[in-house]
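Subject: Structure for you to look at

Hello,

Here is the structure I said I would pass on. Please open it beside this email and read the notes below with it.

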Amino acid sequence: MDPVSKLVTGWKIPIGQWGKAVIDFIVDYFQWLFDGISAALEWTVDGASSLLLQVPPVILAAALAGFAYWLQRSKSLAIGVLIGFLFIINQGLWKETVQTLVLVVAATALSMAIGVPLGIWAAHKPHVWRITQPILDLMQTMPTFVYLIPILILFGLGAAPALIVTIIFAMPAPVRMTYLGLTSIPKPMLEAGESFGATKRQLLWKVELPAALPSIMAGLTQCIMLSLSMVVFATLIGAPSLGNPVNKALANRNIPLGIEAGLALVILAIILDRSLSMKTGAKK
């Protein structure tokens, strides 16, 4: 190694030790808070999954197909949803599918509840967007294993840490799409609203959000797909989902189980995507 390289490497910045010190401080003084959050999330997710699993699978599948029809007014979509769920039931993967669906819905709901208001705030405050943008880049580009370790330490194993890491991974999509939708509104449209005496709140609810709705809905579908991919990966930290049979198939080289679980994931992804992307198209 040349002298310059030796000089650079000889004064290593202890960033890892600093990070460990921060985690240790949080664990020592705020573990009670993270335990409470973990217990609340675990109770909610497990309770919802248990409640849905009490319903006979065929009846629940028919109810979900009916809900898809109510959303889209499409008989072909409802029939496709019913057939897809019946196939999953036939493959013996219904419990894992319901657990995956609950986690995806919970993660998407929380991501949208945080991401849409943050996107609105960033669209109206340029300095907020300048601060938010690198944070979103970090959330999307950081390897999952990097933040799995501290999340696991703080929240333990189970559905709660899986939900947290899924929100971290999926939330940038609604933030960015909401910001994009609001900042892409033509200025004459905003000026027209202002000329009629609309307040800032009226302008937001009656002009900006309706105009940005297609972009926000696109952020919703992206959030769902990202949540689905991360929920499967989060089985490494104890998340109950379709990722469990996938990991078993990978560990045991069980090709039939891998194909069955993979098809179940594809069917669930298509059902979620079609149920909302078509609605977006209708809005356009």
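The notes start with the model itself and then go through some helices.

This is a predicted model, in which local features need pLDDT of at least 70 and side-chain atom pairs count only at pLDDT 80 or more, while totals for chains, interfaces and linings use all residues. Residues are numbered from 1 along each chain as its sequence is written, and side-chain values use heavy atoms, with hydrogens and water left out.

Helix α2 covers residues 15-53 (helices are DSSP runs of H or I, at least four residues, numbered from the N terminus). It bends by about 80 degrees at Phe-30, the bend being the angle between axes fitted to the seven residues ending there and the seven starting there.

Tyr-29, also in α2, counts as exposed because its relative accessibility is 53% (exposed means over 50% relative accessible area, buried under 20%, partly exposed in between, with a 1.4 Å probe and protein chains only). Several residues of α2 are buried, among them Ile-23, Phe-34 and Leu-41. The buried residues of α2 pack against α5 (94-124), α7 (144-155) and α8 (159-170).

Gln-133 lies in helix α6 (residues 126-141) and is partly exposed, at 33%. Its C-alpha atom is 8.6 Å from that of Arg-176, 43 residues apart along the chain.

Ser-215 belongs to helix α11 (residues 200-233) and is buried, at 15%. Leaving out residues up to four places away in sequence, Ser-215 touches Met-177, Leu-180 and Gly-181 (contact means heavy atoms within 4.5 Å).

Regards

How values were computed: Helix = DSSP H or I, 4+ residues; strand = E, 2+ residues; numbered from the N terminus.
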